[in-house]
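Please read it alongside the sequence and coordinates.

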Amino acid sequence: MDNQQKLQQAFTVALGVQPDAVTDSLQYNTIPEWDSTAHMILIAELENVFDVMLDTDDIIDMSSVKQAKVILQKYDINFA
Amino acid sequence: MNKHQQTAIPFIGAHQHSAKTALFDDEQSVSYRTLTEMINQRRQTWLSMQLPPRAVVVLTIDNSIAGVVDYLSALSLDWVVLLLNPACDDLILQRYCDALRPHAVIRDGALTLRHSDEIAVDCNLSILLSTSGSTGAGKCVALSQRNLLANAESILAFLPIESDDITLATMPLSYSYGLSVLHTHLLRGASIGFTRYTVFDKAFWEKVKTLPVHSLAGVPSFYEMLLRLRFTRMELPALRYFTQAGGRLASTDVTTLGEYAHTNHKQFFVMYGQTEATARIAFLEPQKVLKKPDSIGQAIPGGRLEIRMQNSDAGELYYKGQNVMLGYVECAEQLAELNPEDWLATGDLAWQDEEGDFFIVGRIKRIIKVAGERVNLDALEQFYSDDAMQVRCVGEDNKVVFFALQKHLGALQEKMATHPLLPARNQMVSGLGEWPLLSNGKPDYQQLANRVLGPQ
């Protein structure tokens, strides 16, 4: 599984949405499934899948799928 | 002049002339003096609306300055107020209206009159709090103004709330713990604020740092989020103490927070309570947190706890104090007369150590917590069941499994999708060929639980 697939799966699992809903433009707090509790589950999922430990600011800044990729790149997780 | 003009407003009466900030939100702040004027105006408006003197009203209270004005106005008019979470499904609001026949529904400061018939109400009754959060139209806990004040005074006797303190209301005001944070801060003359931001917004932490915020209060899921956000690495010099209640926080998390508090010269209060006791029942001395992370400590000032043994290891925890509710109310007829019990059976199983500290080991009642909110499993069953379909459920914290007969499964899923009461991630459905029954013909919940939750 490549990083893009891992990311998509992490969002699908954490938010309980269909894979095709996970697009770059999907944003925190814009759908009922991505609320603060789901965000916490998402962070745990991303940290697990990519084996990273995110900083507070990065957790807070992770406000969209696109932003998640940008932030994960700081931790040497690259998306083609 | 109307007699109500003379009545002191609960909690803020002693500060009514103060220019200090009472409430604030993301846009504005309101002094105690202004808040008093706003309440006086609102009750003048409401007094002209033909309600009986002891009106029964449903107040959908959101976390806002207007919500507090509505609430304190209704209290100071000596009305009987059912507080509902704004997230409440319309169907639930309707069920409360059918059951309690309120004279009016208040939403966003707008009062909608429903009828003006007299309803007999107990002379001590003041507020009603739902026992099922936003997840069902279960029975209500009936509280008096004496209950509210007694509990607030008792909390002020052990929590270090100072008159210059600022806090943020991070829990709904329709929830007893959230309401107690409001009551105690107003009674002390301190400031409490509302924000649309959550802990996952940078703006929230900017507020915590710049206001600055002196205390935080939250349920276990709140602290799980804070730990996930590396709360223990944050520099928050103004934060003096933080409190946790509303269910059990994992002892490893309690220990982590206790160590953070210890290292950074803050106080961490682990507390225990129930809506049936207005809010607070017990707290653990902060200096004991690291030694006894599983303990709820001892009764709050003025209260008493005792265990009535059921076996050699644990027994049911009973509480006595001026904050014990008047009783439960399910329908309008029950408003007329309430007969409070001296001792409250908490429904929790506990034991006590040689130093007098209590430890909860389990529950007797069918009540669990989902994302920190109390969920009454019986109320959930009642909500989804109808004449054609029997629904039963079992659960543990953050997980509820609904059962219906296989042939009704589709109908149940449809109903749950139309009227969702719990987040999808916290619930499951399961179909059965037939109901497992006990020899007395009652549903065998143990067997249902064993199927889906593992042996209990």
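## Packing around α6 of chain B

The buried residues of α6(B) pack against α3 (56–61) of chain A, and also against β9 (166–168) and α7 (220–228) of chain B. Helix α6 of chain B covers residues 202–210, and its buried residues are B:Ala203, B:Phe204, B:Trp205, B:Lys207 and B:Val208. Buried means under 20% relative accessible area, exposed over 50%, and partly exposed in between (1.4 Å probe, protein chains only). Helices (H or I, at least four residues) and strands (E, at least two) are DSSP runs numbered from the N terminus.

## Basis of the model

This is a predicted model, in which local features need pLDDT of at least 70 and side-chain atom pairs count only at pLDDT 80 or more, while totals for chains, interfaces and linings use all residues. Residues are numbered from 1 along each chain as its sequence is written, chains are lettered from A and ligands numbered from 1 in the order in which they are written, and side-chain values use heavy atoms, with hydrogens and water left out.

## The interface between the chains

Chain A contributes 20 residues to the contact and chain B 15, where contact means heavy atoms within 4.5 Å. About 1500 Å² is buried between the two chains, 59% of it on carbon and sulfur atoms. On the chain B side, B:Phe200, B:Arg228 and B:Arg425 lose the most area to chain A, together 43% of what that side buries. Buried area is the accessible area (1.4 Å probe) that two parts lose on being put together, summed over both.

## Chain A

Chain A has 4 helices and 0 strands, in the order α-α-α-α along the sequence. The C-alpha trace spans about 30 × 25 × 20 Å along its principal axes.

Of the 80 residues in chain A, 46% are buried. Among contacts with a separation of 6 or more, 46% are between residues 24 or more positions apart. Chain A carries 4 positive and 13 negative side chains, and the centres of the two sets lie 8 Å apart. Lys and Arg count as positive and Asp and Glu as negative, without His and the chain ends; each charge is placed at NZ of Lys, CZ of Arg, CG of Asp or CD of Glu.

## Chain B

Chain B contains 11 helices and 25 strands. Its radius of gyration of 22 Å is close to the 23 Å that the globule rule gives for 456 residues, so chain B is as compact as a globular protein of that length. Along the principal axes, the C-alpha atoms fill a box of roughly 65 × 60 × 45 Å.

Buried residues account for 57% of the 456 in chain B. Of the contacts between residues at least 6 apart in sequence, 67% join residues at least 24 apart. The mean positions of the 42 positive and 50 negative charges are 2 Å apart.

## B:Glu118

B:Glu118 sits in the loop between β6 (110–113) and β7 (125–130) of chain B. The residue is exposed, with a relative accessible area of 65%. Not counting residues up to four places away in sequence, B:Glu118 touches B:Pro52 and B:Pro53. The C-alpha atoms of B:Glu118 and B:Pro52 are separated by 6.6 Å, although the two residues are 66 apart along the chain.

Notes. The radius of gyration is taken over C-alpha atoms; the globule rule is 2.2 Å times the number of residues to the power 0.38.
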